[in-house]
Amino acid sequence: MQAWTELQESEQQRLASNMFLDGDVDPVFSASPETHEKVARALMDELKPTIRAAFILREVEGRDYQEVAELLNISELAARVRLSRARAEILKKFRAYLATA
């Protein structure tokens, strides 16, 4: 789940400025990787089937855009659009999760 790790790292960098004034680390960062992986899987499950399939093929299975397009019987552009939508939706929900964790 390379994409998930990259997403998590970018969120950690974005939120790094939210450290507490006394130097304590935000509790979000103390959550276990297993917890974040469970959240990632739950977020993937919430995606619409059309974009979930594209996301799983690309980000979980590591297939290239052309393979994703062929397997889903869509154009490569459509595959890229579906992946973009999936990433945006997951990012939005992941940010909400981090804000409440």
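Let me begin with a definition: the axis of a helix is a line fitted to its C-alpha atoms over the stretch in contact, and angles run from 0 to 180 degrees between N-to-C directions. Please also bear in mind that this is a predicted model.

First, the overall composition. The protein has 5 helices and 0 strands, so that, read from the N terminus, the order of elements is α-α-α-α-α. Of its 101 residues, 30% are buried. Taking contacts between residues at least 6 apart in sequence, 60% join residues at least 24 apart.

I turn now to the packing of helices. Two packed helices are described by the angle between their axes and the distance between the axes. Consider helix α3, residues 49–60, and helix α4, residues 65–72: their axes come within 9 Å and cross at roughly 140°. That angle makes α3 oblique to α4, because only angles over 145 degrees count as roughly antiparallel. The crossing of α3 and α4 is right-handed. On the α3 side, the contact is made by Ala53, Ala54, Leu57 and Arg58, and on the α4 side by Tyr65, Val68, Leu71 and Leu72.

What is the angle at which α2 and α5 pack? For helix α2, residues 33–46, and α5 the angle is about 135°, and the axes lie 10 Å apart. These two helices are therefore oblique to each other, and their crossing is right-handed. From α2, the residues Thr35, His36, Val39, Leu43, Met44 and Glu46 meet Glu89, Ile90, Lys93, Phe94, Tyr97 and Leu98 of α5. This contact divides into 7 nonpolar, 2 polar and 3 charged residues.

Which residues of α5 are buried? They are Ala79, Leu83, Ala86, Ile90, Phe94, Tyr97 and Leu98. As a general point, an α-helix has 3.6 residues a turn, so residues three or four places apart point the same way.

Most residues other than glycine have a negative phi. Asn73, in the loop between α4 and α5, has a positive phi of about 60° although it is not a glycine. Asn73 counts as exposed because its relative accessibility is 72%.

Key
Residues numbered from 1 in each chain as written. Predicted model: local features only at pLDDT ≥ 70, side-chain atom pairs only at ≥ 80, totals over all residues. Heavy atoms only, no water. Helix = DSSP H or I, 4+ residues; strand = E, 2+ residues; numbered from the N terminus. Parallel < 35°, antiparallel > 145°, perpendicular 65-115°, else oblique. Left-handed = near helix turned anticlockwise from the far one by under 90°. Contact = heavy atoms within 4.5 Å. Buried < 20%, exposed > 50% of the residue type's maximum accessible area, 1.4 Å probe, protein only. Nonpolar A, V, L, I, M, F, W, Y, C, P; charged D, E, K, R; others polar.
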